[in-house]
Amino acid sequence: MALSESRRNELIRFAKEIRMNTLECLNHLGFGHYGGSLSVVEVLAVLYKEVMPMTPDEFAKKDRDYFVLSKGHAGPALYSTLHLKGFFDKEFLLSLNQNGTHLPSHPDRNLTPGIDMTTGSLGQGISAATGIAYGQKIKDAPYYTYTIVGDGELNEGQCWEAIQFASHHQLNRFIVFVDDNKKQLDGRTADICNPLDFVEKFKAFGFETLRVDGQDVEAIFEAIEQLKQSTLPFPKCIVLDTVKGQGVKGVEQIEANHHLRPTPEQKEMLNQAVEQLREELEVGS
């Protein structure tokens with residue numbers, strides 16, 4: 001199912017809103033996980049706007065799709081998405097990582113509205129998501145379980161145990177997104193522990209797998225629809241070809257951009273990025 005031009009434009013706009021709010025909450029805090037938060041903006045926009053259009057009322061139901069952000073350090077992007085979907089107000093969003101906050105740096109299902117699973121220790125989120133998908137399979141439920149895992153996170157052996165489990169149990173309503181932004185905490189993934197080809201690796205583990213441009217909302221949506229229409233009994237994987245700091249050139253150009261404590265010059269650049277996004281949204285209104 002192709003997107004109409006109007007729906008595509010709505011997704012592009014929603015992604016800009018997520019990106020602007022993500023920058024605002026991190027700028028307000030003064031530091032944080034800019035790089036990996038920005039690289040998942042487009043896939044979050046597609047999921048929450050089009051594929052599983054989540055609302056607080058929908059989230060309150062047991063019978064629905066589930067989402068787990070396995071790369072929990074991208075929490076600011078997910079929080080910004082939930083804010084825009086009406087789970088909490090802007091003041092709540094700007095409390096990120098402050099004393100007494102309900103928005104810790106990594107998602108906590110006991111603190112934050114709209115969170116299906118607490119994540120933080122890398123590797124554990126995809127395992128929990130696999131368990132959710134297995135539970136849905138046992139119930140023969142028609143719902144999907146989605147998870148986003150980081151390329152650096154896939155250094156963890158626990159991830160591959162979960163992936164093998166999902167394949168063995170033919171969890172065909174389980175969709176894993178790999179945020180292949182080519183970097184992790186300590187540098188480039190190819191230098192630290194070369195992941196080789198994620199598409200071929202997931203296929204070898206028994207997943208139906210595609211690679212798409214992770215900056216293209218239409219390509220992401222079409223990949224999801226293609227896999228959901230498949231009659232093959234395999235779990236699914238979409239490898240997102242992304243850029244760390246995606247959508248903000250100044251952040252993309254910082255080599256060590258996993259976690260930033262911005263210099264005065266970088267703070268000015270980040271504030272300008274917010275204003276540019278705000279202007280683009282106002283022009284498009």
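At what angle do helix H3 (residues 41-51) and helix H11 (residues 217-228) pack? The model considered here is predicted, so that local features need pLDDT of at least 70, side-chain atom pairs count only at pLDDT 80 or more, and totals for chains, interfaces and linings use all residues. Residues are numbered from 1 along each chain as its sequence is written, and side-chain values use heavy atoms, with hydrogens and water left out.

Helices H3 and H11 pack at an angle of about 60°, and their axes lie 9 Å apart. Here a helix is a DSSP run of H or I with at least four residues, numbered from the N terminus; axes are lines fitted to C-alpha atoms over the stretch in contact, and angles run from 0 to 180 degrees between N-to-C directions. On the H3 side, the contact (heavy atoms within 4.5 Å) is made by Glu42, Val43, Val46, Leu47, Glu50 and Val51. On the H11 side, Val217, Ile220, Phe221, Ile224 and Lys228 take part.

The structure also contains pockets. A pocket is an open set of points on a 1 Å grid over the protein atoms alone, where a 1.4 Å probe fits, with protein on both sides within 12 Å along at least five of seven lines; lining residues have an atom within 4 Å of a point. The largest pocket is lined by 19 residues, and Arg19, Gly247, Val248, Leu277 and Glu280 lie nearest its centre. Helix H13 gives the most to this lining, with six residues.

Methods. Helices (H or I, at least four residues) and strands (E, at least two) are DSSP runs, numbered from the N terminus.
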